[in-house]
Amino acid sequence: MIHFDRENNVFHFFNEHISYVVYIDGFNRLETLYFGERLKDDRDVLQARTTANENLYLDKKMNLLTPYPGDFSPHSRLEYSDHGEMDKRDSPIVIRNENGSTYTAFEYVRHKIYHGIKPLPDLPSLDAPWKRDEPFYNRDHVDTAEFVFRDVTANLYLHEFISIYRDKDVIVKSFQVENKGKKVQLLRAFSLQLDLPTSDYYFHHFSGEQNRERKEHIEKISHSVLEIGSNYGRSSHQENPFCFLSEHENSYTDGEVIGFNLVYSGNWKMRLSPEPDRSLHIVYGISDEDFTWVLGKNESFYTPEAVLVYSHNGIDGMSQTFHRLIRENLMTAPHTESRPLLFNSWEGAYFYFTTDSLLEYADHAKELGVDLFVLDDGWFGKRDSDTSSLGDWTVNQEKIDLHRLIDHVHQLGMRFGLWFEPEMVSPNSELFRAHPEYVLGMGENKDWSSLTRSQLWLDFSSPVVIEAIHKQIHAILSEYSIDYVKWDNNRAMGEHFSNFYPAEKQGEITHRLTLGYFHLLGQLREEFPGVFFEGCASGGGRFDLGTLYFCPQIWCSDDTIGSMRATIQYDTSLGYPLSAISSHVSAALDDSYRTKVDVALFGTYGYEMNPTKLQDADKEELKRGSEIYRTYHHNVIQEGVLYHLADNDLYSSMISVSQDQSQAMALCFCKRTRPYSYQFTWKLRGLDPKKRYLCHLDHKTYSGEYLMKAGYHFCNDSYGEPLFQRGKTLLMILTESNY
Ligand code: DGJ
């Protein structure tokens with residue numbers, strides 16, 4: 001809900017739990033008065049205005065609040081800091097006018113309040129209709145205020161959109177820069193500014209590399225600027241756009257937490273600046289490195305949506321809100337209902353397969369209980385290694401009879417999926433030989449240079465290049481009966497000069513590449529509504545809300561070793577629902593199949609190994625996994641509520657509970673061997689204290705209250721061997737019992 005107090009110029013965004021309050025001050029700026037737990041009495045919020053205290057002097061030009069004119073004192077907390085005045089905090093939007101000046105001063109002119117969120121042109125957005133050209137329609141579970149500001153020096157308008165969900169503690173923000181005057185250049189176009197009254201927070205962010213994605217790091221904010229982001233052309237392995245601030249260092253249940261994410265997949269940046277008065281100034285959005293955008297007369301630029309989640313119940317309060325938001329308001333594509341148990345050819349066959357070997361794989365996969373058989377890399381062009389053929393999306397008829405394989409898979413009652421890497425080209429390909437100008441490079445008369453995994457980025461900023469790829473994929477999806485597509489992206493962006501744009505527009509390329517990715521995904525998704533798209537980027541290099549809008553699940557990491565996986569999935573699940581986290585059991589040698597199955601069950605489950613080489617005991621283990629998946633995945637993992645119990649040097653543990661609290665699955669993964677550890681008390685959360693549960697480990701029943709207050713007690717007698725052995729898992733399934 002949004003309440004506008006006309007007399008006092010105050011806008012109160014609120015739902016049952018939270019309030020966000022902004023105020024048009026005497027200088028026509030939008031001040032941020034409050035963000036936090038719900039305020040019930042509207043009269044209070046006025047007290048937070050900068051100009052509330054008559055003894056203070058507000059110098060508009062200086063944006064200073066002082067007891068005396070000219071004195072130095074803190075800035076007001078604003079929705080938007082002008083650039084080029086005395087407020088030296090980062091402005092979210094920086095614009096160079098035709099005369100070279102970067103001074104802007106935006107003043108409020110009008111606003112409107114409506115139901116729903118307007119889908120952003122060319123960008124994925126929350127609650128967007130399934131087909132992009134469907135008209136915007138009102139939705140009454142979310143309300144938006146659109147503020148319009150006019151620059152005092154140029155004919156430029158800034159629109160700020162602030163939305164609040166009624167049923168979730170979520171604020172969504174974005175900007176539109178509208179040019180009604182002479183041509184200007186955007187130098188920065190972030191999605192939000194957030195000024196918080198204190199910087200007394202811990203900052204949690206998720207950094208890593210390939211095979212080590214999204215490790216949580218916690219920094220106490222002190223006096224220096226913190227900055228995270230990506231300029232890899234994708235959201236990246238190195239940092240994830242999901243991050244959060246917490247009052248307590250690491251409490252899942254208590255204290256204030258503010259979570260951030262961006263509905264975007266390209267270069268991004270967040271900068272947190274503690275101010276001298278200990279307030280915290282945050283800007284967040286598309287990275288301003290390698291970014292400029294020419295805005296002609298009557299053109300607009302839209303920034304992606306930035307999502308803010310507020311919790312006063314610790315980290316899990318935030319985490320669960322993100323999960324619900326992503327599941328209910330972002331993944332609007334069909335196919336989100338039930339996730340197939342998947343078999344992927346990659347880690348078993350790599351590039352080395354024949355039609356017959358894959359037919360045999362399919363038979364074995366069926367025996368394991370698989371629903372969807374996926375043929376990964378190597379089926380097209382002349383691709384028998386990673387050195388050729390990206391860009392030539394025609395079936396290698398000499399290598400594989402794809403129709404025969406698909407028919408066989410379908411006859412076995414499984415669905416069929418195929419791998420693509422649409423944004424890339426191999427120098428050794430027909431496409432590259434015919435169109436070397438289709439790749440991103442260093443600029444005129446210079447060769448393309450950085451070659452990674454023997455491949456180059458196609459220039460997806462150009463509709464011509466996108467169409468060349470679209471035509472080929474469209475032909476494959478039309479000719480073959482394909483139910484699923486895995487969309488991969490196996491190198492970071494290097495050079496980003498485009499042969500299709502003039503010099504002044506080269507700064508637009510990195511953003512245009514991301515728009516091109518969204519465009520082709522969106523187009524194919526609409527043309528083939530029966531096809532399920534899954535995201536991937538060398539494992540989890542593009543695990544973000546932009547991709548999740550199109551692909552309801554993303555391959556989380558190429559690392560399938562239990563110990564790595566357990567941490568990657570645990571940390572990823574702080575911001576993303578388990579149903580988004582694609583996790584497979586592989587033949588990785590480090591762990592037993594028991595461990596790998598237990599860990600992979602906490603995600604969208606699948607297998608990738610040579611199934612013809614499995615030992616009988618291992619097959620039984622996998623069948624056990626398939627059975628658990630079929631029985632509990634939908635209610636407990638996909639639609640359930642996730643609680644993080646602990647992630648310390650000894651073990652990591654979480655529990656997912658069905659919405660009706662009748663079923664639960666708890667996982668404990670041991671990271672370090674403790675030779676004499678024969679007992680362990682496992683305190684659970686999220687159960688119904690009044691219900692009794694049958695514990696599938698010992699076939700005894702316990703009340704939810706007991707399991708949450710006293711905890712489940714393992715000891716030598718009940719388990720037989722030391723519990724804390726590195727790489728070992730405890731998987732507890734609980735089902736409601738009448739006894
Ligand atoms: C990287 C992916 O993460 C793997 O699963 C596999 O699809 C390979 N690419 C294929 O090249």
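The structure holds 46 aromatic pairs. Rings of Phe, Tyr and Trp (its six-membered ring) pair if their centres lie within 6.5 Å; planes under 30 degrees apart count as stacked, over 60 as edge-to-face and the rest as tilted. In the pair of Phe206 and Phe242, the ring centres are 4.9 Å apart and the planes lie at 25°, so this pair is stacked. Phe206 belongs to strand β13 (residues 202-207) and Phe242 to strand β16 (residues 239-246), so the pair ties together parts that are 36 residues apart in sequence. Helices (H or I, at least four residues) and strands (E, at least two) are DSSP runs, numbered from the N terminus.

The model is predicted: local features need pLDDT of at least 70, side-chain atom pairs count only at pLDDT 80 or more, and totals for chains, interfaces and linings use all residues. Residues are numbered from 1 along each chain as its sequence is written, and side-chain values use heavy atoms, with hydrogens and water left out.

Strands of a sheet pair through backbone hydrogen bonds, either parallel or antiparallel. Two strands count as paired if DSSP finds at least two bridges between them. Phe13 has Tyr20 of β3 as its bridge partner.

Two packed helices are described by the angle between their axes and the distance between the axes. Axes are lines fitted to C-alpha atoms, for helices over the stretch in contact, and angles run from 0 to 180 degrees between N-to-C directions. Angles under 35 degrees count as roughly parallel, over 145 as roughly antiparallel, 65 to 115 as roughly perpendicular and the rest as oblique. A crossing is left-handed if the near helix is turned anticlockwise from the far one by less than a right angle, and right-handed if clockwise. Contact means heavy atoms within 4.5 Å.

Helix α4 (residues 355-368) packs with helix α5 (residues 402-411) at an angle of about 10°, and their axes are 10 Å apart. The two helices are therefore roughly parallel to each other. Their crossing is right-handed. On α4, the contact is made by Thr355, Asp356, Leu358, Leu359, Ala362 and Asp363; on α5, by Arg404, Leu405, His408 and Val409. These residues divide into five nonpolar, two polar and three charged. Here Ala, Val, Leu, Ile, Met, Phe, Trp, Tyr, Cys and Pro count as nonpolar, Asp, Glu, Lys and Arg as charged, and the others, Gly among them, as polar.

The axes of helix α7 (residues 463-479) and helix α8 (residues 509-527) come within 11 Å and cross at roughly 25°. Helices α7 and α8 are therefore roughly parallel. The crossing is right-handed. Ile466, Ile469, His470, Ile473, His474 and Leu477 of α7 meet Gly516, His519, Leu520, Gln523, Leu524 and Glu527 of α8. By class, this contact has six nonpolar, five polar and one charged residues.

Helix α11 (residues 593-600) and helix α12 (residues 616-638) pack at about 15°, with axes 9 Å apart. They are therefore roughly parallel to each other, and α11 passes α12 in a right-handed crossing. Tyr593, Arg594, Val597 and Asp598 of α11 make the contact with Asp618, Glu621, Leu622, Arg624 and Gly625 of α12. The contact has three nonpolar, one polar and five charged residues.

A further open sheet contains six strands in the order β33-β34-β35-β40-β37-β38, with antiparallel pairing. Edge strands β33 (641-647) and β38 (700-703) each have a single partner strand, so one side of each is left without a neighbour in the sheet. Neighbouring strands are turned by 25° against each other on average, direction ignored. Strand β37 (residues 692-695) pairs with β38 in the antiparallel sense over four bridges. Leu694 has Thr701 of β38 as its bridge partner. Helix α11 packs on this sheet, touching β35 (663-670) and β40 (729-737), and its direction makes about 55° with that of β40.
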